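Dear colleague,

I am passing on the structure we spoke about, together with some notes on it. Please keep it open beside this message while you read.

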Amino acid sequence: AGFQGFTMAPLAVMGGAVLIRAGMLTAGIVGSLSYIAINSPSDKFLFMAGPLSMGLGAVVIASLSSIFFPSTAAIASSISLYGGTALFSAFVLYDTSKIVTNAKHKAQYDPINECLGLYMDAINLFWRLAIMLSGGNRRK
């Protein structure tokens, strides 16, 4: 929890209005996508594990590429920000579907550990939405 607070602390500079809007948008996105995943057939979104892993690799590479190739920083930042938002929205569908399937079929179901992925999806979405709303991706 301490490391998460350390990494999230720079968001406080953005101001309360931006963070409240980002929080409301995050709640709306996570809630609506979870509702879709819960009401779909139980294994509808479980096929997405492979493509989501490849997308996560692409977002990580885009995030790190600006360190090694400064000339591509604007494109890499956009890929990381907007691609990451779409990716973590898809992860909400996948993780919610996985939680529902495991709750139905596992004998030893652990809801706390099952929900950690969904929690991290919400944190990542909030982070990216707050940056988008503050205009942090604009180049001057």
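The model is a predicted one, in which local features need pLDDT of at least 70 and side-chain atom pairs count only at pLDDT 80 or more, whereas totals for chains, interfaces and linings use all residues. Residues are numbered from 1 along each chain as its sequence is written, and side-chain values use heavy atoms, with hydrogens and water left out.

The protein holds five helices and zero strands, so that its elements, read from the N terminus, run α-α-α-α-α; here helices (H or I, at least four residues) and strands (E, at least two) are DSSP runs, numbered from the N terminus. Its C-alpha trace spans about 55 × 30 × 30 Å along the principal axes. Of the 140 residues, 34% count as buried, where buried means under 20% relative accessible area, exposed means over 50%, and partly exposed lies in between (1.4 Å probe, protein chains only). The accessible surface comes to about 8500 Å², and 71% of this belongs to carbon and sulfur atoms; the areas come from the Shrake-Rupley method with a 1.4 Å probe, and for residues only the protein chains shown count as cover.

Among the contacts with a separation of 6 or more, 80% are between residues 24 or more positions apart, a contact being heavy atoms within 4.5 Å.

Helix α4 covers residues 73-105, 33 residues in total, and reaches 45 Å from its first C-alpha to its last, which is close to the 48 Å expected at 1.5 Å a residue (the expected span is 1.5 Å times one less than the number of residues). At Gly84, α4 bends by about 30°, the bend being the angle between axes fitted to the seven residues ending there and the seven starting there.

Although Thr72 and Ala62 are 10 residues apart in sequence, their C-alpha atoms are 9.2 Å apart in space.

Is Ala62, at 8% relative accessibility, buried or exposed? Ala62, which has its place in helix α3, counts as buried at that value. Leaving aside neighbours within four places in sequence, Ala62 is in contact with Ala76, Ile79 and Ser80, and its C-alpha atom is separated by 7.0 Å from that of Ser77, 15 residues away along the chain.
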